[in-house]
Amino acid sequence: MSVDVRPATDDDVDAVVDLFRQYLRFYDQEVPAAEARAYLTARRDAGDSVLLVAELRPEDGETPSEGSAVGGLVGFAQSYPTWSSVSLSRSWVLNDLFVTPAARGTGAARALVQDTCRRAKDAGAIRVSLATAWDNVAAQGLYESEGFVRDQHFHHYAFVTGA
C-alpha cells in the first residue's frame, strides 16, 4: 500500500470531521459534529491552519483485504503557521495528528509528518514544533526518527483562561 497526503478539500469535509472527532475523543473531548465542522472549516477558510489528509491506496496489482483501511481517508494533520520573535522568522506548530487505529503501522502518520515539514520549509518556516503526551512513546519515536529534538532549553507552560 502507498500513502497519499494532500490538502483537505471540500469533498473531504465529512471524513475529516469524523477523523477530527475521533482525535478529540482520544483526548477525552466529545464535540458535536456540527461544532467540529464549523471549527475546521473556519480555520481552513481563514487561512489559520494547514489541514492535510492521508489516504491509503493499493499498489499496482495489490488487492486490499476485507476490512482494510484502503480507499478512504485514514488520517489528518493540522498545523498552524505562526511567527517566532526570537528568530524573526516563520514557524509552524503541528498541533493535531491522528491516524485511525486500523491504519496505524502503514506509514500514514510518517507521511503526514514529512509532508507537513516539507510544506513548512517551502513556506519559509525555520521550524515545526509540536507537543505530545509524556506517555505517548509511539509518537515520540516517530517524531525523533523524523529529526524532531526534545527541547532541552525551555519549559513550556499554559495558562487556562476558562473562556
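This is a predicted model: local features need pLDDT of at least 70, side-chain atom pairs count only at pLDDT 80 or more; totals for chains, interfaces and linings use all residues.
Visitor: Which strands does helix H3 lie across, and at about what angle does H3 run to E4?

Guide: Helix H3 comprises residues 108-122. The strands across which H3 lies are E1, E2, E3, E4 and E5. Taken against E4, the direction of H3 is at about 165°.

Visitor: Which are the edge strands of the sheet?

Guide: The sheet is open, and its five strands follow the order E1-E2-E3-E4-E5 with mixed pairing. Each edge strand pairs on one side only, and these strands are E1 (2-7) and E5 (125-129).

Visitor: What is the average twist from one strand to the next?

Guide: The value applies to the open sheet formed by five strands. From each strand to the next, the twist averages 25°.

Visitor: Which element supplies the largest share of the lining of the largest pocket?

Guide: The largest pocket holds about 1,900 Å³ of space. Of its 48 lining residues, the closest to the centre are Ser129, Leu130, Ala131, Thr132 and Tyr143. At least two lining residues come from each of H1, E3, E4, H3, E5 and helix H4 (137-145). The largest share is eight residues, supplied by E4.

Visitor: How many residues of the lining of the largest pocket are charged?

Guide: The lining includes 25 nonpolar residues and 16 polar residues. The charged residues in this lining number seven.

Visitor: Which elements give two or more residues to the lining of the largest cavity?

Guide: One cavity of 30 Å³ or more is found in the whole structure, and the space in the largest cavity is about 70 Å³. The lining consists of Ala8, Thr9, Asp12, Val13, Val16, Val17, Leu40, Thr41, Arg44 and Leu51. Two or more of the lining residues come from each of H1 and helix H2 (33-45).

Visitor: How many residues of the lining of the largest cavity are nonpolar?

Guide: Two residues of this lining are polar and two are charged. The nonpolar residues number six.

Terms used: Residues are numbered from 1 along each chain as its sequence is written. Side-chain values use heavy atoms; hydrogens and water are left out. Two strands pair if DSSP finds at least two bridges between them. Helices (H or I, at least four residues) and strands (E, at least two) are DSSP runs, numbered from the N terminus. Axes are lines fitted to C-alpha atoms, for helices over the stretch in contact, and angles run from 0 to 180 degrees between N-to-C directions. Contact means heavy atoms within 4.5 Å. On a 1 Å grid over the protein atoms alone, a cavity is a set of points where a 1.4 Å probe fits but cannot get out, and a pocket is an open set with protein on both sides within 12 Å along at least five of seven lines; lining residues have an atom within 4 Å of a point. Grid points are joined across faces, edges and corners, and a volume is the space filled by probe spheres set on the points. Ala, Val, Leu, Ile, Met, Phe, Trp, Tyr, Cys and Pro count as nonpolar, Asp, Glu, Lys and Arg as charged, and the others, Gly among them, as polar.
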